[in-house]
Amino acid sequence: MSDVEVQQATEVAPVEIKRIVVPGEVLAEGMDYLPGEGTFRDNNQIIANALGLMIIRGRLVKLIPLSGKYMPKRDDIVIGMVTDITSKGWIVDINCAYHAMITLRDATAEFIPKEADLSKYFNIGEYVLARIVKVTSQKLIDLSLRGPRLMKLTGGRLFEINPTKVPRVIGKKASMITMIKEKTACNVFVGQNGLIWLNGNEPKGEVLAVNAILKIERESHLSGLTEEIEKFLDEGLKNL
Amino acid sequence: MAYTKRHDGRKFDETREITAKVGVIKNADGSAYFKIGSTEAYAAVYGPRELYPSFLKDPSRGVIRCYYNMLPFSGMGERVRPGPSRRSKEISYVTEKALQPVINLEDFPNTVVDVYIELTETDAGSRCAGICAAAMALADAGIPMRDIVTAVSAGKVGKNILIDLDYSEEAIDDEPVADMPVAMLPRTKEVVLLQMDGQLSEKELADALVMVQKAIDKIANIQREALKAKFADGDRNVIGE
């Protein structure tokens with residue numbers, strides 16, 4: 001490439017550098033750069049704070065983690081398992097370092113009488129698709145089942161992927177998950193906490209969808225993923 | 001007879017052969033394997049997860065717990081009695097203190113990160129191998145940490161300062177022997193563990209630490225390569241979300 005071409009390329013889009021980095025690695029030097037998420041500054045160096053994918057976009061240096069537990073955030077939709085029932089509501093395991101709570105008020109749209117047997121609504125071991133309504137600084141988590149699509153999950157298949165891979169499974173504007181749903185004729189719910197529930201007409205289609213999602217998890221850091229998955233699904237459909 | 005040549009032909013400042021791998025235990029949140037000579041360590045990391053008994057909880061940050069364990073068949077002869085011993089409790093404790101300064105668990109109050117280090121074969125330098133494996137496993141588990149931790153032992157046999165003594169060198173009894181495990185943060189060269197058996201003069205200690213720094217740089221690069229190797233995949237490019 002000649003010098004003129006290089007200049008033109010940099011003018012069109014801000015310089016973008018991506019690579020896998022390890023904790024303690026020096027990402028950038030000089031005060032021109034700003035430390036973003038997952039990085040910190042030590043004198044005039046910017047250092048990685050975890051194992052992940054570094055992205056330098058313009059002046060900002062940030063790091064996307066490639067592993068790690070789910071960190072609860074408000075308004076996330078998650079899948080959880082009821083582990084206990086108390087007088088105030090249900091305790092739910094949402095696959096992270098803290099348990100969550102569904103209060104009586106947020107459990108259903110219907111009225112729950114005072115002396116009601118709470119296990120009739122959600123019993124221990126049952127799964128729910130819920131929204132996080134509150135996370136305190138000490139990570140006390142409140143869930144709600146009031147809202148569109150939120151419900152108790154019965155039947156279907158449930159499996160787990162790493163929560164850091166969830167954005168890739170969903171894809172830009174839900175492109176990836178829509179493709180999987182359409183091709184395999186499955187109904188899929190992806191919890192932000194990495195639990196995935198799906199239900200289809202045929203077991204073979206369900207297995208294909210599960211395998212496609214696990215493939216996304218394995219190859220989430222590689223490019224050309226959508227085409228790979230499309231090919232994988234088409235080949236799988238032929239062998240059904 | 002003076003020990004002027006190492007029995008395996010290594011140079012004085014040379015470590016044994018090192019193999020490192022990440023993601024070896026499927027059910028752990030993070031795991032690693034570190035082998036130096038014939039000392040082999042597996043580390044598994046679980047968490048951050050809820051901490052019980054509750055009185056151990058720290059409401060301002062997450063805590064780390066380490067378990068160092070030599071398997072019964074791992075020793076150089078005699079069967080190692082299973083279960084915690086005075087020695088393994090001490091090593092668990094110093095490992096914990098060596099890893100503590102790098103991990104950053106302020107976003108995970110009241111939780112614990114458990115680190116299990118299992119040694120399947122030992123030939124001296126097991127706490128160093130354990131720390132190297134544990135640091136890689138922590139990084140693999142996605143724990144926020146400001147650096148990796150690297151450890152190596154240095155020591156003295158007769159008049160010579162050596163790096164990474166094996167058991168036969170540690171056990172020489174007709175000459176004075178000193179053994180000193182050191183753990184450092186490779187970027188800033190902060191010392192996070194330093195223990196010693198035997199005696200070293202001030203000058204010998206300084207010389208040993210210079211040799212240790214060199215070895216640490218080399219081992220740290222092996223650790224980093226192992227962490228990155230997990231994500232390598234032929235010619236497909238790495239991309240962001």
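How many cavities of 30 Å³ or more does a search of the whole structure find? The search finds one. The structure is a predicted model, in which local features need pLDDT of at least 70, side-chain atom pairs count only at pLDDT 80 or more, and totals for chains, interfaces and linings use all residues. Residues are numbered from 1 along each chain as its sequence is written, chains are lettered from A and ligands numbered from 1 in the order in which they are written, and side-chain values use heavy atoms, with hydrogens and water left out.

A cavity is defined on a 1 Å grid over the protein atoms alone, as a set of points where a 1.4 Å probe fits but cannot get out; lining residues have an atom within 4 Å of a point. Grid points are joined across faces, edges and corners, and the volume is the space filled by probe spheres set on the points. The largest cavity holds about 40 Å³ of space. Its lining consists of Phe34(B), Ile36(B), Gly125(B), Cys128(B), Ala129(B), Ala151(B), Val152(B), Ser153(B) and Asp164(B). Two or more lining residues are given by each of strand S2 (30-36), H2 and strand S6 (150-157) of chain B, where helices (H or I, at least four residues) and strands (E, at least two) are DSSP runs numbered from the N terminus. S6(B) supplies the largest share of the lining, three residues. By residue type, the lining comprises six nonpolar, two polar and one charged; Ala, Val, Leu, Ile, Met, Phe, Trp, Tyr, Cys and Pro count as nonpolar, Asp, Glu, Lys and Arg as charged, and the others, Gly among them, as polar.

Helix H2 of chain B spans residues 126-140. From the first C-alpha to the last, the 15 residues of H2(B) reach 21 Å, close to the 21 Å expected at 1.5 Å a residue, the expected span being 1.5 Å times one less than the number of residues. H2(B) is mostly covered, with 15 of its 15 residues buried; buried means under 20% relative accessible area, exposed over 50%, and partly exposed in between (1.4 Å probe, protein chains only). Gly142(B), which follows H2(B), has a positive phi near 75 degrees.

A salt bridge is a side-chain nitrogen of Lys or Arg within 4 Å of a carboxyl oxygen of Asp or Glu. By this rule, 31 salt bridges are counted over all chains. In chain A, Arg19(A) pairs with Glu25(A), with the closest N and O atoms 2.6 Å apart. Arg19(A) is partly exposed at a relative accessible area of 31%, whereas Glu25(A) is buried at 13%. A salt bridge also forms between Arg187(B) and Asp42(A), at 2.9 Å from N to O. Arg187(B) lies in the loop between strand S8 (177-185) and strand S9 (190-194) of chain B and Asp42(A) in strand S4 (residues 39-42) of chain A, so this pair joins two chains. Asp42(A) is partly exposed, with 26% relative accessibility.

Within chain B, the side chains of Glu106(B) and Arg61(B) form a salt bridge with an N to O distance of 3.6 Å. The two residues are 45 residues apart and link distant parts of the chain: Glu106(B) is in the loop between helix H1 (86-99) and strand S5 (111-121), and Arg61(B) in the loop between strand S3 (39-50) and strand S4 (63-70). Glu106(B) is partly exposed, with a relative accessible area of 48%, as is Arg61(B) at 36%. A network of salt bridges links Arg6(B), Asp8(B), Arg10(B), Arg16(B), Asp123(B), Asp164(B) and Glu169(B); Asp164(B) also belongs to the lining of the largest cavity.

The Gly47(B) to Pro48(B) peptide bond is cis, with omega near 5 degrees, and Pro48(B) lies in strand S3 of chain B. The bond from Tyr52(B) to Pro53(B) is likewise cis, with omega near 0 degrees; Pro53(B) is placed in the loop between S3 and S4 of chain B. In chain A, Asp75(A) is not a glycine but has a positive phi of about 75 degrees. Asp75(A) occupies the loop between strand S7 (60-65) and strand S8 (77-85) of chain A and is partly exposed, with a relative accessible area of 42%. Lys173(A), also a residue other than glycine, has a positive phi near 50 degrees. Lys173(A) is found in the loop between helix H3 (166-170) and helix H4 (175-184) of chain A and is exposed, at 86% relative accessible area.

Key:
1 Å grid on protein atoms, 1.4 Å probe; cavity = no way out; pocket = protein on both sides within 12 Å on 5 of 7 lines; lining within 4 Å.
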